[in-house]
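Have the structure open while you read.

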Amino acid sequence: MGEVKVIGSTLSPYCTRVEWALKLKGVEYEYIHEEPFNKSPFLLSHNPAYKKVPVILHGHRAVAESLVIVDYVDDVWKENPLVPQDPYEKSLARFWAKFSDDKCIRGAWNACKAEGEAKEKAIESAKESLSFLEKQIEGKQFFGGEKIGFLDLAVGWIPLWLGAMEQVGEMKLLDAEKFPSLHEWSQNFNQIPVIKEALPPREKLVAYFTASVRAVR
Ligand SMILES: N[C@@H](CCC(=O)N[C@@H](CS)C(=O)NCC(=O)O)C(=O)O
């Protein structure tokens, strides 16, 4: 089918999850760095609908949207399956992955940038969203069971990105007492070599979130 290229931005959790999927499958890829706020004609031509990273090129074909890409990667390269085989388990993994993107990442960012009374409300709302993920990991080593799966990659922003948002927003969301299982998973996840090697430096993320918070306040 041809070689794989990732059009991505190194600070993006969406792009990192695509790299994790490819690494777990042992697929070689070329990384084409894109500035998400100074988009190249190359990116725009391959993701004209959303104009966002990540996009992967597999030979001459483009696939966009990180969760769709992880699904695609799992379909094409069969080793180390990521998506559950059972139809119901598969639907749950996809449901919670989308929930994590729609409610948890957004909720954490809203809490990070909020000030005053609005901040307390945003923190409570973000914690409520995280409590759903706590239930999904309770009693398990990984969201995928005994091995890393689709949902682990989707929720994989928590250990590093949430930590950086907590620092910049001067708040605690992933409380070890309130979320013991998610907290433990989070501690272990970033220690896995294949995960660790694709992570951006924490100080760059902190600088990025600091600048982003300043820009919106
Ligand atoms: N739902 C998308 C989100 C991707 C996304 O938000 N990418 C950001 C970088 S982290 C981007 O390209 N932003 C540029 C923009 O919003 O125009 C996915 O999962 O791939």
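## A serine and a ligand site

Let's start with S100, which is found in helix α4, the stretch covering residues 87–113. Keep in mind that this is a predicted model. Is S100 buried or exposed? Its relative accessible area comes out at 0%, so S100 counts as buried, the cut-off for that label being under 20%. As for what the S100 side chain touches, there is a polar contact with the side chain of W157, at 2.9 Å.

Now over to the ligand. Where does it sit? The space it takes up is the largest pocket. Around the ligand you'll find S12, Y14, P36, K39, K52, V53, P54, E65 and S66.

| Residue (side-chain N or O atom) | Ligand atom | Distance |
|---|---|---|
| K39 | oxygen | 2.4 Å |
| E65 | nitrogen | 2.9 Å |
| S66 | oxygen | 2.6 Å |

How much of the ligand does the protein cover? On its own, the ligand has 510 Å² of accessible area, and the protein covers 78% of that.

Back in helix α4, S100 is buried and its side chain contacts that of W157.

Definitions and conventions. Residues numbered from 1 in each chain as written. Predicted model: local features only at pLDDT ≥ 70, side-chain atom pairs only at ≥ 80, totals over all residues. Heavy atoms only, no water. Near = heavy atom within 4 Å. Polar contact = N/O pair within 3.5 Å; in protein donor to acceptor, adjacent residues only side chain to side chain. Areas by Shrake-Rupley, 256 points an atom, 1.4 Å probe, with all protein chains shown as cover. 1 Å grid on protein atoms, 1.4 Å probe; cavity = no way out; pocket = protein on both sides within 12 Å on 5 of 7 lines; lining within 4 Å. Sits in = over half its atoms within 2 Å of the grid points. Helix = DSSP H or I, 4+ residues; strand = E, 2+ residues; numbered from the N terminus. Buried < 20%, exposed > 50% of the residue type's maximum accessible area, 1.4 Å probe, protein only.
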